[in-house]
Amino acid sequence: GLKHKNLLIEFDIDSMQILNLLLSEKEVFSNSILKIVEKSQFSSAHNERIKVQKINEINIKVQTLLHINEDVITSIKSANDRRIRIYKIEKKFFFRPKK
């Protein structure tokens with residue numbers, strides 16, 4: 001989970017893997033996140049919905065924990081291939097600034 005000012009919000013394993021991936025990279029392609037959440041018994045469209053649902057769930061939980069109104073995870077379409085989404089996380093909410 002994530003902890004802020006003695007408040008803890010729990011995340012499932014997939015959500016924590018997504019958060020760790022986004023925090024370790026500058027940009028993450030959609031298929032990298034999809035590999036974390038996809039289940040072989042579901043169609044690609046359903047797996048895509050699951051991915052979007054996980055991202056939204058993470059955003060809502062982090063907004064609640066930090067008392068903010070903006071999404072910490074955002075996405076844009078790739079300039080090279082408009083079918084691909086690139087995800088970014090606002091790292092300022094997760095790391096303390098250096099003094």
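Biologist: Which helix holds Ser-30?

Modeller: Ser-30 is found in helix α2. Helices here are DSSP runs of H or I with at least four residues, strands are runs of E with at least two, and both are numbered from the N terminus. This is a predicted model, where local features need pLDDT of at least 70 and side-chain atom pairs count only at pLDDT 80 or more, while totals for chains, interfaces and linings use all residues. Residues are numbered from 1 along each chain as its sequence is written, and side-chain values use heavy atoms, with hydrogens and water left out.

Biologist: Is Ser-30 buried or exposed?

Modeller: Buried means under 20% relative accessible area, exposed over 50%, and partly exposed in between (1.4 Å probe, protein chains only). Ser-30 has 10% relative accessibility, so Ser-30 counts as buried.

Biologist: Which residues does Ser-30 contact beyond its neighbours in sequence?

Modeller: Contact means heavy atoms within 4.5 Å. Leave aside neighbours within four places in sequence, and Ser-30 is in contact with Glu-48, Lys-51, Arg-85 and Tyr-87. With Lys-51 there is also a polar contact of 2.6 Å between the side chains. A polar contact is a pair of N or O atoms within 3.5 Å; within protein, one must be able to donate a hydrogen and the other to accept it, and residues adjacent in sequence count only if both atoms are side-chain atoms.

Biologist: How many residues does α3 have?

Modeller: Helix α3 (residues 44-66) has 23 residues. From first C-alpha to last, α3 reaches 33 Å, close to the 33 Å expected at 1.5 Å a residue. The expected span is 1.5 Å times one less than the number of residues.

Biologist: Which residues of α3 are buried?

Modeller: An α-helix has 3.6 residues a turn, so residues three or four places apart point the same way. In α3, the buried residues include Lys-51, Lys-54, Ile-55, Ile-58 and Val-62. Take Ile-55: its relative accessibility is 5%, so Ile-55 counts as buried. Not counting residues up to four places away in sequence, Ile-55 touches Ile-18, Ile-33, Ile-73 and Tyr-87.

Biologist: Which residues touch the most other members of the largest nonpolar core?

Modeller: Nonpolar side chains tend to be buried together in soluble globular proteins. A nonpolar core is a set of buried Ala, Val, Leu, Ile, Met, Phe, Trp, Tyr and Cys residues joined through side-chain atoms within 4.5 Å. The largest one has 22 residues, and Phe-11, Ile-18, Leu-22, Ile-33, Ile-58, Val-62 and Ile-73 touch the most other members. The elements giving two or more residues are α1 (13-24), α2 (30-37), α3 and β5 (85-89). α3 gives the most, with 6 residues.

Biologist: Which residue lies over the face of Phe-11?

Modeller: A charge sits over a ring if NZ of Lys or CZ of Arg is within 6 Å of the ring centre and within 35 degrees of the ring normal. Here Lys-61 lies over the face of Phe-11, at 5.2 Å from the ring centre.
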